[in-house]
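Biologist: I'm new to this one, and I'd like a close look at a single part. Could you take me through the ligand site?

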Amino acid sequence: MIEVRDLHKRFGGLEALRGVTMHIERGEVVVVIGPSGSGKSTLLRCVNRLETPDGGEVIVDGRSVNDRHTDVNALRKDIGVVFQSFNLFPHLTVLRNLTLAPMRVRKLDRATAEERARKLLVKVGIPEKAEARPTQLSGGQQQRVAIARALCMEPKIMLFDEPTSALDPEMIKEVLDVMKALAKDGMTMMVVSHEMGFAREVADRVIFMDQGEIVEQARPERFFQHPEQERTKRFLQTILHH
Amino acid sequence: MGFPVFDENAHLFGQGYLTTVVLSAGALALSLVIGTVVASARVWGGPIVQSFSRAYVEFFRNTPLLVQLLFIAVLLAPRNLNVTREPIVAALIGLSIYTGAYVTEVVRSGILSVDPRQIEAARSLGLSQVEALRFVVLPQAVRTVIPPLGNLSIALVKNTAIASGIAATELLKVAGIIESRTGLFTPYIAVLVAYWTLTLPLAWVVSRLERRLAFAR
Ligand SMILES: Nc1ncnc2c1ncn2[C@@H]1O[C@H](COP(=O)(O)OP(=O)(O)O)[C@@H](O)[C@H]1O
Ligand SMILES: [Mg+2]
């Protein structure tokens, strides 16, 4: 579903990605962890061309992401993204946040789009907030709306970039529960997150990145109990013991 | 009618009033177009386009409007055509370009006030750049831009008086003509009231819009 080959990306003199190769199968849930600045967001953003790599290739659902002939808007229809900072549209109601893209991009009529949106709001547990403004919601509710907004396009893949990092602890669970349900529904997911409980419970694979490289990847049980690389062990110690 | 002089002057005054309205409305519309285009060029254009739009703003904001109007009037002055309508055209162009420089700065700050992550979120949903600007950035920019644009349009109405300096027969010029005919001071009082009938409703509309568009951030 996602195929990344020898990906390089630099920002000025800084090498954010130094030859990353990985793949994600259809229906697979992959959690990416690693210290701040290790290139996790950059890798995720290359998958839907929010960043343009300097070398290497990304293929999503058989389409080369950076090929000149690839219609980037068509590609992005199939890739939902959830950001750390929610990025809901503050001038629109929750319902309009969900229906904007389906109506403009998928060309759904209003009734169909709203029906789909209301179903998703039920799914993420806040059907009563359809007419509210994003600013009237708690962080956890906003992030659930953001997930519903992405799902409203019926994507084949969902990318999450630290979806719970901006949330108060008591709101993390409500967002993770939605993500777990999604994973159990068979969604293909790439999740940058340090929520180890989530990784243990639903990840098919954990990828550890450091300094623009993939250091190690394994199934979660193996990854957490028997990490092979020194860097992985050190990182796991810092996040598990604080 | 018993007062042919009054009738004639009232007619002239009415024409001057109409000219001021048309000049204000026309220059406002043109300056909004100019400002939106130049501000977009400034924010999203390449380095050369950016320096041009910057030079435009700095030049027209920092030189006197009357001199700009005179300059444009001279440029447009046809050597052997009927010139009666020319001052108004020169005034329209000059006021549009001058006000456009201010509009550019207002629109630019409006665009910059919108979090760039809003565009990323919109593009990630498959909206094109133009759709992202139209449905996500501009509606948010409008909210920050309405009050300063309202003030600019009030300033524009008042600036139309400067067009009298290039003999455009708007309100002030007309008042001068009537004064020189009649020796009366009253036309100037009428002129002040006339400007006020334009700016006061504008100020009211602006404050209404401000309240309607307000939303908690
Ligand atoms: N737009 C950018 N401009 C300059 N440097 C950037 C940009 N985005 C990321 N970087 C740098 O690239 C490196 C990797 O960043 P990022 O992918 O955000 O790491 P992570 O998500 O793992 O914390 C960091 O050193 C970061 O400062
Ligand atoms: Mg990051």
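Which elements of chain A each supply at least two residues of the shell around ligand 1?

Modeller: Happy to. A word on the ground rules: this is a predicted model, in which local features need pLDDT of at least 70 and side-chain atom pairs count only at pLDDT 80 or more, while totals for chains, interfaces and linings use all residues. Residues are numbered from 1 along each chain as its sequence is written, chains are lettered from A and ligands numbered from 1 in the order in which they are written, and side-chain values use heavy atoms, with hydrogens and water left out.

Now your question. The two elements are β2 (14-24) and α1 (40-47) of chain A. Helices here are DSSP runs of H or I with at least four residues, strands are runs of E with at least two, and both are numbered from the N terminus. Of the two, α1(A) gives the largest share of the shell, three residues.

Let's walk around the shell itself. A residue belongs there if one of its heavy atoms lies within 4 Å of the ligand. Around ligand 1 you'll find Phe11(A), Leu14(A), Ala16(A) and Pro35(A), and also the run Ser36(A), Gly37(A), Ser38(A), Gly39(A), Lys40(A), Ser41(A) and Thr42(A). By type, that makes four nonpolar residues, six polar and one charged. In this scheme Ala, Val, Leu, Ile, Met, Phe, Trp, Tyr, Cys and Pro count as nonpolar, Asp, Glu, Lys and Arg as charged, and the others, Gly among them, as polar.

Next, zoom in on the polar contacts, meaning pairs of N or O atoms within 3.5 Å. The side chain of Ser41(A) has an N or O atom 2.7 Å from an oxygen atom of ligand 1. For the side chain of Lys40(A), the distance from such an atom to a ligand oxygen is 2.8 Å. As for cover, ligand 1 has 560 Å² of accessible area on its own, and the protein covers 60% of that. Such areas come from the Shrake-Rupley method with a 1.4 Å probe.

Note on methods: Polar contact = N/O pair within 3.5 Å; in protein donor to acceptor, adjacent residues only side chain to side chain.
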